[in-house]
Amino acid sequence: MNTTDPKSLTIIGAGLAGALLATLLARRGWQVDVFERRGDPRLHGYAGGRSINLALAERGLHALRAADADRAVLDQAVMMRGRMVHPLRGEPQLQRYGRDDSEVIWSVSRGELNITLIDAAEAAGATLHFDRGLQSVDFDARTASYRGDGGLHVHPFNALLGCDGAGSTLRAQMAARSDLGERTEWLGHGYKELEIPPARDGGYRIEPNALHIWPRGRYMCIALPNDERTFTVTLFMALHGDGDSQDPDFDSIVTAQDARALFERDFPDALPLIPELERDFEANPIGSLATLRLDRWHLGGEAVLLGDAAHAMVPFHGQGMNCAFEDCVALAECIEAQDTLASAFAAFEAGRKPDATAIQDMALENYIEMRDLVDDPDFLLQQGLERRLQERHPGRFVPHYAMVTFMRIPYSVALERSNIQRGILVAATRGLDSLDSVDWATVDSEVEKQLTPLVDDA
């Protein structure tokens with residue numbers, strides 16, 4: 001018989017979302033156990049996931065504030081003011097994310113952030129079990145089996161909270177009990193990680209307070225700064241050729257020599273910054289990119305999924321972690337507000353699912369913007385108009401990036417308003433090559449007619 005405390009919860013995964021959720025729940029008086037398949041990164045070093053640094057924005061910062069972890073994280077973060085766009089020909093140009101340095105994002109190390117959150121979870125009273133990978137779940141008996149230390153360990157549970165990532169074992173166990181409507185949409189593009197080391201004097205080799213982008217149409221490189229004065233460089237391109245395009249792909253760029261030739265041709269200013277290009281290219285695997293969609297995130301009061309386990313997305317809006325952290329806050333609030341775990345999990349899914357779908361769609365759209373549009377004249381003209389309309393209609397015309405990144409309005413609301421605003425921008429700049437010819441009376445009228453004042457309920 002399962003005799004677990006009804007005030008207990010079991011979290012699967014001690015990654016970013018799992019450790020944060022453990023902190024939020026433990027601080028609310030819950031007995032929290034966290035099971036993690038990897039060893040303790042504080043003892044063995046970080047055996048990380050796909051990317052070693054991430055973009056932290058307001059949604060994630062709000063969640064970290066709720067756990068009193070924001071200062072410790074920001075002390076290790078690097079501010080990014082905007083995109084530094086490197087055209088194939090011409091000088092790099094900074095495209096600011098916001099109006100000034102009050103609207104920035106932060107590059108954070110996944111490993112350092114994970115350790116900070118694990119420390120916070122333990123300080124809040126959660127119990128973490130490392131080297132315990134979920135093997136199977138008996139939902140009828142309310143027991144879960146974990147593999148570790150050469151054996152199988154069985155623990156009772158009251159409810160399971162799945163923070164075990166895109167390849168979630170808990171999700172597979174839930175799906176075996178009841179169809180979750182799982183669909184994986186593969187992007188057809190992959191990535192390789194490379195590195196820009198520090199300069200000889202120990203400083204950064206390029207501007208540190210920016211996310212660098214080398215856009216090349218249907219492929220690109222990006223570079224994010226680290227506090228060790230390095231940059232994590234990521235090359236994104238198609239996995240396979242389509243027969244019609246001359247664009248490179250991972251089928252044709254196979255060897256270190258292929259990679260060097262690609263960079264000499266398409267990323268010539270980046271090549272001198274990556275002295276170990278050949279070694280990094282051969283040593284690092286090709287990562288895959290996909291969007292995970294589920295019809296259901298929970299099984300009654302027995303189990304619930306959140307973060308990548310429920311809605312993995314492509315990384316091109318920098319919102320995967322921020323969205324997962326929002327999930328943690330929302331789930332903790334639902335658990336506190338509802339009478340039963342079943343009603344809490346249902347309320348969490350109903351409230352968050354439309355927003356998760358919206359940011360998944362926006363992340364896919366942003367890939368096209370980053371690799372193709374950031375140096376397109378029409379796009380840049382629309383961006384200029386967007387800033388002007390923000391000044392002319394403050395609180396009513398709010399740029400897409402600001403709604404997603406610097407505010408906490410629901411993603412679904414941001415997507416709906418962005419679609420309306422894009423229509424206004426495209427119509428107002430059609431056939432123009434500067435803002436001097438904009439019909440301001442018509443544009444102002446459309447803004448007033450189509451957009452209600454936006455109140456940030458953050």
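How are α12 and α15 oriented to each other: roughly parallel or roughly perpendicular? The views below, taken from a predicted model, begin with this pair.

**View 1. Helices α12 and α15 cross at roughly 70°.** Helix α12 covers residues 377-392, and helix α15 covers residues 440-450. Their axes come within 12 Å. Angles of 65 to 115 degrees count as roughly perpendicular. α12 and α15 are therefore roughly perpendicular to each other. The crossing of α12 past α15 is right-handed.

**View 2. Side by side: the residues where α12 meets α15.** From α12 come Leu385, Arg388, Leu389 and Arg392. From α15 come Trp440, Val443, Asp444 and Val447. Sorted by class, this contact holds 5 nonpolar and 3 charged residues. It has no polar residues.

View 3. The model has 1 cavity of 30 Å³ or more. Two elements each give two or more residues to its lining: β7 (105-109) and α5 (110-124).

**View 4. The lining of the largest cavity, residue by residue.** Val73, Gln76 and Ala77 are among the lining residues. Val108, Ser109, Glu112 and Leu113 complete the list. By class, the lining of the largest cavity divides into 4 nonpolar, 2 polar and 1 charged. Which residue is the charged one? Glu counts as charged, and Glu112 lines the cavity.

Note on methods
Residues are numbered from 1 along each chain as its sequence is written. This is a predicted model: local features need pLDDT of at least 70, side-chain atom pairs count only at pLDDT 80 or more; totals for chains, interfaces and linings use all residues. Side-chain values use heavy atoms; hydrogens and water are left out. On a 1 Å grid over the protein atoms alone, a cavity is a set of points where a 1.4 Å probe fits but cannot get out, and a pocket is an open set with protein on both sides within 12 Å along at least five of seven lines; lining residues have an atom within 4 Å of a point. Grid points are joined across faces, edges and corners, and a volume is the space filled by probe spheres set on the points. Helices (H or I, at least four residues) and strands (E, at least two) are DSSP runs, numbered from the N terminus. Axes are lines fitted to C-alpha atoms, for helices over the stretch in contact, and angles run from 0 to 180 degrees between N-to-C directions. Angles under 35 degrees count as roughly parallel, over 145 as roughly antiparallel, 65 to 115 as roughly perpendicular and the rest as oblique. A crossing is left-handed if the near helix is turned anticlockwise from the far one by less than a right angle, and right-handed if clockwise. Contact means heavy atoms within 4.5 Å.
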